[in-house]
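Trainee: Could you take one part of this model and go through it closely? I would like to see how a single element sits among its surroundings.

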Amino acid sequence: MKRVAVITSSDKGYRGEREDLSGPTVKEIMEKNGYQVVSLEILPDEREMLSKRMAQIADENLAELILTTGGTGFSKRDVMPEATEDVIQRRVPGIPEAMRAYSLTITKRAMLSRATAGIRGGTLIINLPGSPKAVRESLEYIVDALGHGIEILTGEAAECGRK
């Protein structure tokens, strides 16, 4: 079973001033798709704290996939893409491009997403939007392809060709 760690970036959620609904939405979708959710945490919008946690999860092989939610907008405190770029070794631009392209069919505001994705060691890291509705739309759109990508990344599968 593939393992996923979920990180919500939210100052208010971290301080207990707002209930995090996006992280639980990610958890629900991933469990429904056969993933084991190994952690579900809320961190403040602090670039160094976010990047250190993502690096720790990847470097200690705690999960093959890290899904983040929140912190991808234009606010000065929205630093998740930068925190992600700080730790990835290889970029995976197709995933956020696909999410934005799909989301643009729903709302023009999708073009404002700064989400990124990349690989650190044997872990794929993907930034998702912050709202539960946008999380559901984006994640349900990409989830089928993620399994194969992770299998290639971890060496479980050797080729990308279809059977």
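**Helix α6 and its surroundings**

The buried residues of α6 pack against α2 (22–32), β3 (65–69), β4 (90–91), α5, β5 (117–120) and β6 (123–128). Here contact means heavy atoms within 4.5 Å. Helices (H or I, at least four residues) and strands (E, at least two) are DSSP runs, numbered from the N terminus. This is a predicted model, in which local features need pLDDT of at least 70, side-chain atom pairs count only at pLDDT 80 or more, and totals for chains, interfaces and linings use all residues. Residues are numbered from 1 along each chain as its sequence is written, and side-chain values use heavy atoms, with hydrogens and water left out.

The buried residues of α6 include Ala-134, Val-135, Ser-138, Ile-142, Val-143 and Leu-146. Buried means under 20% relative accessible area, exposed over 50%, and partly exposed in between (1.4 Å probe, protein chains only). At Val-143, α6 bends by about 50°; the bend is the angle between axes fitted to the seven residues ending there and the seven starting there. After α6 comes Gly-155, with a positive phi near 85°.

Next, the sheet. Six strands form an open sheet of mixed pairing, in the order β2-β1-β3-β6-β5-β4. Two strands pair if DSSP finds at least two bridges between them. The edge strands, β2 (36–43) and β4, each pair on one side only. β4 runs antiparallel to β5, and two bridges join them; Arg-91 has Gly-118 in β5 as its bridge partner. α6 lies across β3, β4, β5 and β6, at about 170° to β6. For such angles, axes are lines fitted to C-alpha atoms, for helices over the stretch in contact, and the values run from 0 to 180 degrees between N-to-C directions.

Now the side facing α5. Ser-103 lies in helix α5 (residues 94–104) and is buried, at 11% relative accessible area. Leaving aside neighbours within four places in sequence, Ser-103 is in contact with Ala-110 and Ser-138.

Rings of Phe, Tyr and Trp (its six-membered ring) pair if their centres lie within 6.5 Å; planes under 30 degrees apart count as stacked, over 60 as edge-to-face and the rest as tilted. The count by this rule is one aromatic pair. Tyr-102 and Tyr-141 form that pair, which is stacked, with 4.4 Å centre to centre and 10° between the planes. Tyr-102 lies in helix α5 and Tyr-141 in helix α6 (residues 132–154), so the pair ties together parts 39 residues apart in sequence. Tyr-102 is partly exposed at 30%, and Tyr-141 is partly exposed at 45%.
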